[in-house]
Amino acid sequence: PYFSLHRSQRFVSARDVLDGNFDRARLQGAYVLIGTTASALGDIFQVPVGTTMDGVEIQAQIIENILGGSMLVRPAYSATIELVIIFVSGLVIVLMHLLVRPWPGVAIFGILVFVLMAMSWLLFSRLGVLVDSLTPVLASFVVFATMMTARLIAEERARRERDARLRVLQDELSHVGRLSSLGQLSSAIAHEVNQPLAAIVNYLQAARRLQSDKADDPAVRKIEGMLEKASTQAERAAAIIRGLRSMVEQGEVETGEEDVKAMVEEAIALATIGVRGHRVTVRTHYARALPPVHVNRIQIQQVVVNLVRNAFDAMRDSRERVLLVQTFLSDDGHVDIAVSDTGPGIAQDMEDRLFQPFVSGKSDGMGIGLSICQSIVEAHGGRIWVDANSAQGVTIRFSIPVAKEGRGN
């Protein structure tokens with residue numbers, strides 16, 4: 001039956017009929033049911049419209065449905081339709097979990113449930129066809145909850161593995177950074193110390209020549225011997241320093257083909273660990289179809305980490321804090337990586353000396369970081385330079401060579 005709500009117009013009291021106190025036209029050409037509405041007789045039933053109804057009114061509604069042709073229909077193929085709906089909605093949920101992120105997926109699932117309920121309601125209200133939507137909705141919810149749980153577990157596992165890998169990589173970068181800092185510091189010290197050592201040797205040799213005219217004097221001969229020993233030791237120290245510098249500058253590293261986007265994204269993730277308090281908006285723009293580069297992954301990531309952290313420090317007091325990391329394919333067979341900030345920029349007198357050892361634009365900086373970056377980039381056959389921003393801040397850009405296969409393509 002297609003039940004409607006209770007209508008008092010269907011009823012005429014038996015007392016009014018016996019007294020003749022009723023409109024006789026209401027019974028003309030009508031089917032009349034004689035029944036009771038007393039609660040004590042137990043002829044009251046729950047109906048689908050959400051209320052209770054007397055048995056005689058239920059019978060009256062069935063007769064109205066038959067005469068009006070409004071009986072609800074549940075076709076024999078309804079179960080097949082419901083199974084197809086369950087299959088299609090389950091397939092949609094599976095594809096949604098594969099292609100869409102969790103929160104948009106929840107919205108899509110809500111839309112799917114609404115569509116199923118609306119379709120069932122329209123079939124019921126417009127065509128009088130009963131198709132169960134609750135079962136497909138419950139089945140879809142089970143599939144959705146299962147897929148969501150599995151996805152959350154997988155993402156949590158992936159997050160833990162990524163964090164573990166980042167920790168290992170961070171340790172490797174820290175180790176390489178310490179070695180690079182030590183190497184750069186050693187090279188700079190060797191360069192600086194070698195010059196006064198050379199001057200000392202020259203002065204000692206000059207002193208020996210001045211004393212050569214008084215070679216017969218025993219005291220002079222003793223002094224000359226001491227000068228000769230001092231000169232020998234100074235020359236030995238200079239040779240040690242030159243050897244140390246040569247070893248540091250000519251050290252070989254292992255290189256291989258690396259994906260630029262993955263390498264840079266990993267470096268950004270490492271650089272932003274522990275700097276959330278800076279409230280910096282990080283944006284990236286990667287050129288499409290970049291060829292692989294032939295580099296040492298750890299060292300190039302160290303360059304990116306240094307540049308990103310320098311950018312964070314530069315924007316510490318800026319109102320607008322936006323970090324932009326971009327990649328480009330240049331015409332000379334190199335891939336360029338640029339790190340831009342919205343800080344105060346670099347003083348003009350610092351631009352030419354920015355990559356020199358012990359030169360820093362920060363009050364508490366040692367001036368080694370950018371010098372290390374330059375050494376690493378140049379060791380890979382690239383170069384690093386400063387680009388002027390159109391508005392504010394500074395852009396530091398460096399190039400690295402693509403792999404040989406990439407050049408051929």
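Reply: A salt bridge here is a side-chain nitrogen of Lys or Arg within 4 Å of a carboxyl oxygen of Asp or Glu. The model is predicted, so local features need pLDDT of at least 70, side-chain atom pairs count only at pLDDT 80 or more, and totals for chains, interfaces and linings use all residues. Residues are numbered from 1 along each chain as its sequence is written, and side-chain values use heavy atoms, with hydrogens and water left out.

Searching the whole structure gives 12 salt bridges. Side chains of opposite charge can pair when their charged atoms come close.

Take Arg-74 and Glu-82. Their side chains form a salt bridge at 2.9 Å, N to O. Arg-74 is partly exposed, at 45% relative accessible area. Glu-82 is buried, at 9%. Buried means under 20% relative accessible area, exposed over 50%, partly exposed in between (1.4 Å probe, protein chains only).

Next, Arg-297 and Glu-258. This salt bridge spans 2.7 Å, N to O. It links distant parts of the chain, 39 residues apart: Arg-297 sits in helix H8 (residues 297-314), Glu-258 in strand S3 (residues 256-258). Helices (H or I, at least four residues) and strands (E, at least two) are DSSP runs, numbered from the N terminus. Arg-297 is buried, with 17% relative accessible area.

Last, Glu-64 and Arg-10. Their side chains meet in a salt bridge at 3.0 Å, N to O. The partners lie 54 residues apart, with Glu-64 in helix H2 (residues 55-68) and Arg-10 in the segment before helix H1 (14-19). Glu-64 is partly exposed, at 33% relative accessible area.
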